[in-house]
Amino acid sequence: LMVTFGETKSSKGAGFNQLGVAVGDPGSGDAAESVFVVLFLALIALVGYGAVLVFSGMAEVPILVRQLDTATRKAMKPPPPGVPAQPRRNKGAIATWAMAAFLVGIFVMMHWQNYGTKGLEDAHSALYTTLLWAVLIFTVISARNYILVPDSPATRYFVIAYDVMSLAVFRNQVILMVLIMLGFASNEYFSLMLLEVLNISSVLSNVTLAVTVPGKKLLTMLYLQGVTALVVAQFGLQYYEGTMHNSGDACHSAVSCFWTVMYKAIPAKSVGGIMKPATHYDMDGEPAYLLRFLFDMSFHIWVGQLLFSIVMGLMVNTFKSLDDAATARGNILANQTFVSGIPRSKFDDLGLPGAPPFDDLNKHTQNPWMYVFYLFTLQKKSPVEYTGVDSYIKDCMDRGDLKWLPRNTALVIQNASVEIEDEDAGDGGDNDDRGVRKLLAIIGEGVANLKGGVAGLTGRLNDIEDSALNNK
């Protein structure tokens, strides 16, 4: 803010909002030093975001690629007899894209015939360029929706690139880095970086989700508002052309009246700001005044009361649901062990002698990272080296079965020969962790004894072979 000035502050007439001009301006005086500070801070931020981008890529991309390849291999396996094969392409995505591109093309053609005759230098070229970019972006989105199973190298690389850019942690860093580079050319882009608080603050992130989660519904309501503006523009042009205006200039086409309604009437929730006031004295008789009254009031009730209330209701309800879910999640994390789900109150009620406090049990005795490290080691370990416990857990992981994890129990609870009732367990009793652990212990002990026996037999055979060689 302190290095951004208007055009009159610069002898070159460009203003200090362009950093390069401000630095090279001999009339800038001491202000140039502040510009250098801005450049220095921006470079630090650029390097920092780049580091986060690289770290995010190293952490997230391999996981994404592995999940994609696993899903692809599963989808490409021959289905069982009588089961239809999973479709690999979504033809509906192409149909949607073709319809959107057709409508945009029709709009551009009609608009060009009515308003544009000077080629790309025409004043409407910005509108056509925006529509072109919108079609290109929608083309990429439609291409990703079309590919259900990336069964070729080209589709695989495209899906990986698209999905990587769809990751919030990756996409946000790229956007921030682009804003910094744009800020080097024009200072106002630096201010957009302050919106990163939407990602930093959990409360504000819920505000963002309150808009993005019901996004399709909100877009539908926006479309309905556009349809309403079009209807009002058409009827207003037909019956009240002389009274519908934008800042004093009356609109004389459906397009100009449409944008007038969208720009002035929709935000104000009333057409009073774009139409001259009417009384029954200056109207053509009382019926005409009543029709004008109905026209104004129907817009106010439909747009001002109903549509805006529905939009606000969607966002408020979504925000409340997200806030309730966050509160419930925080309560669970604070009062249940992360791994086994032991409630704090039930663990404290046991009063086990020598038992660690609940927080120590949750953070140290059943440290979640120890389980993560074990699973990572299991993935890197050769199956030949698996113990019985390793084989059992690996089989459970391959089947997506979490029965190998402790459920409402811990070693200190098992040693005391007590149980915590599992409120979520069914009547089948197939979640007996103690029985599973005993079975795993027996299997592990048996495998260890077997390995010891094989090693002893191998050593004995080696001794016999050495003895035979010496005798020769």
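Gln173 is buried, with a relative accessible area of 10%, where buried means under 20%, exposed over 50% and partly exposed in between, for a 1.4 Å probe and protein chains only. The residue lies in helix H6, helices being DSSP runs of H or I with at least four residues, numbered from the N terminus. Leaving aside residues up to four places away in sequence, Gln173 touches Tyr49, Val52 and Leu53, a contact being heavy atoms within 4.5 Å.

This is a predicted model, in which local features need pLDDT of at least 70 and side-chain atom pairs count only at pLDDT 80 or more, while totals for chains, interfaces and linings use all residues. Residues are numbered from 1 along each chain as its sequence is written, and side-chain values use heavy atoms, with hydrogens and water left out.

Leu182 is also found in helix H6, but this residue is partly exposed, with a relative accessible area of 36%.

## The nonpolar patch

Leu182 belongs to a nonpolar surface patch of about 760 Å², whose members include Val178, Met181, Tyr189 and Leu204; patch residues have over 30% relative accessible area and no salt bridge, and nonpolar side chains are joined within 5 Å, like charges within 9 Å. A salt bridge is a side-chain nitrogen of Lys or Arg within 4 Å of a carboxyl oxygen of Asp or Glu, and accessible areas come from the Shrake-Rupley method with a 1.4 Å probe, only the protein chains shown counting as cover for residues. Helices H6 (168–185), H7 (189–192), H8 (197–200) and H9 (202–212) each supply at least two residues of the patch, and H6 gives the largest share, 3 residues.
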